[in-house]
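Please read them with the coordinates open.

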Amino acid sequence: MNQKQIVLAGATGNLGQRVARELRIRGASVRAIVRPGTEFTRLSALRRQAVEIVEADLNVRAEIVSACQGASCVISTLLGLDKVLIDAQGALLDAAIEAQVPRFIPSDYAMDFTKIKPGTNRNFDLHRQFKAHLDLAAIRSTTILSGAFMHLLAGDAPLVLPKIKRVLYWGNDPNQPLDFTTMDDTAAYTAEAALDPDTPPILRIAGEQISAAGLAKVASELSGTPYHLFRGGGVERLRRLSRIIRVFTPDSESPFPIWQGMQYLYCMFEGSGRLTPLDNKRYPNLQWTGVQTVLKQVL
Ligand SMILES: NC(=O)c1ccc[n+]([C@@H]2O[C@H](COP(=O)([O-])OP(=O)(O)OC[C@H]3O[C@@H](n4cnc5c(N)ncnc54)[C@H](OP(=O)(O)O)[C@@H]3O)[C@@H](O)[C@H]2O)c1
């Protein structure tokens, strides 16, 4: 087994491409498992970085076992619902075990779903279900928990609202700390963890822990205009709203419908999934991007 041979599933995705890049920067050999028939142009960035591409169907055991041979770690950055997170990722796990790969990093990269009450967040329930299976598997695993991706702050999970100069918060405490990490920092940390043979079962990271009040201060300083706090309501109201919208939303395979984003916000402001203690310092060479850098691009 080559200690620097990493197998990556999900390498064509947002996070996966970054993980591949960070692994190559660290001198690892990367074998990306991609779907059969993936368009050639979608693979050009990976090819430029000398990533080995293996077309394989995650449902075909022999293909995946063969792709996993000789690896020191299998990383998953797959995204989807139960068919992907439980079934396809489960098949990848079984193949890694059969190929005698010693370590597995599942596709989690979220807030601390191990501490969040089951039934609160549909996606976290899937992550928890897979982790329960992984914990019993004959392979060492490391779940990487990174909070919300930082670019979502002013995007899909809008908290900073430039048009009305407000920062939205829910609940009674605008000083409730929230965890954010950029995708790039998450990818760099994941690459370090994949090359570290002694990782614990869970690693928690955050580029910055900042409250809604803290966000308003940063936004005010960056824009030169005061940003005020805007209370959406109590967290229970947010939960009820999410339930109502879910009832009226047709079922889909989308991992992030609006109501799921609201479940995510509920978990952030309710606070039980906070990341603590942090393992940022485990790899002291890493630099962490703060909220100010990310907000500067949008304000
Ligand atoms: N903390 C946060 O705020 C946050 C936000 C977003 C995502 N995430 C997490 O980050 C991770 C990666 O997300 P992402 O944004 O990088 O997702 P993405 O861009 O959609 O990439 C998903 C990857 O999974 C692959 N994939 C999905 N289903 C597959 C299947 N059945 N067979 C083979 N490959 C399959 C895709 O392949 P194709 O390209 O062929 O479709 C793609 O490479 C997930 O764990 C997600 O939960 C966290």
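1. In this predicted model, a backbone N or O atom of Phe-149 is placed 2.8 Å from an oxygen atom of the ligand. The ligand on its own has 930 Å² of accessible area, of which the protein covers 81%.

2. In total, 23 residues surround the ligand, and the closest are Thr-12, Leu-15, Arg-42, Ser-107 and Gly-147. By class, the shell is made up of 13 nonpolar, seven polar and three charged residues.

3. At least three shell residues come from each of domain 1 (5-146 + 183-206 + 275-282) and domain 2 (150-176 + 209-270).

4. Helix H6, residues 183-194, contains 12 residues and reaches 16 Å from its first C-alpha to its last, which is close to the 16 Å expected at 1.5 Å a residue. How many of the residues of H6 are buried? The count is 11 of the 12, so the helix is largely enclosed by the rest of the structure. The buried residues of H6 include Asp-185 and Glu-192, and also Met-183, Tyr-189 and several alanines, among them Ala-187, Ala-188 and Ala-191. An α-helix has 3.6 residues a turn, so residues three or four places apart point the same way.

5. The peptide bond from Thr-276 to Pro-277 is cis, with omega near -5°, and Pro-277 is found in the loop between helix H9 (258-270) and helix H10 (291-296). Ala-50, a residue other than glycine, has a positive phi near 60°, and its place is in the loop between helix H2 (44-48) and strand E3 (52-55).

6. Gln-100 likewise has a positive phi, near 60°, in a residue other than glycine, and it is placed in the loop between helix H4 (82-98) and strand E5 (103-105). Is Gln-100 buried or exposed? Its relative accessibility is 69%, and because exposed means over 50%, Gln-100 counts as exposed.

7. Gln-69 can be considered together with Gln-100. Gln-69 is found in the loop between helix H3 (61-68) and strand E4 (73-76), and with a relative accessible area of 41% Gln-69 is partly exposed. Although Gln-69 and Gln-100 are 31 residues apart in sequence, their C-alpha atoms are 7.6 Å apart in space.

8. A further pair involves a strand residue. Tyr-169 lies in strand E10 (residues 166-170) and is buried, with a relative accessible area of 11%.

How values were computed
Residues are numbered from 1 along each chain as its sequence is written. This is a predicted model: local features need pLDDT of at least 70, side-chain atom pairs count only at pLDDT 80 or more; totals for chains, interfaces and linings use all residues. Side-chain values use heavy atoms; hydrogens and water are left out. A residue is near a molecule or strand if one of its heavy atoms lies within 4 Å of it. A polar contact is a pair of N or O atoms within 3.5 Å; within protein, one must be able to donate a hydrogen and the other to accept it, and residues adjacent in sequence count only if both atoms are side-chain atoms. Accessible areas come from the Shrake-Rupley method with a 1.4 Å probe; for residues, only the protein chains shown count as cover. Ala, Val, Leu, Ile, Met, Phe, Trp, Tyr, Cys and Pro count as nonpolar, Asp, Glu, Lys and Arg as charged, and the others, Gly among them, as polar. Domain bounds come from an automatic or database domain assignment. Helices (H or I, at least four residues) and strands (E, at least two) are DSSP runs, numbered from the N terminus. The expected span of a helix is 1.5 Å times one less than its number of residues. Buried means under 20% relative accessible area, exposed over 50%, partly exposed in between (1.4 Å probe, protein chains only).
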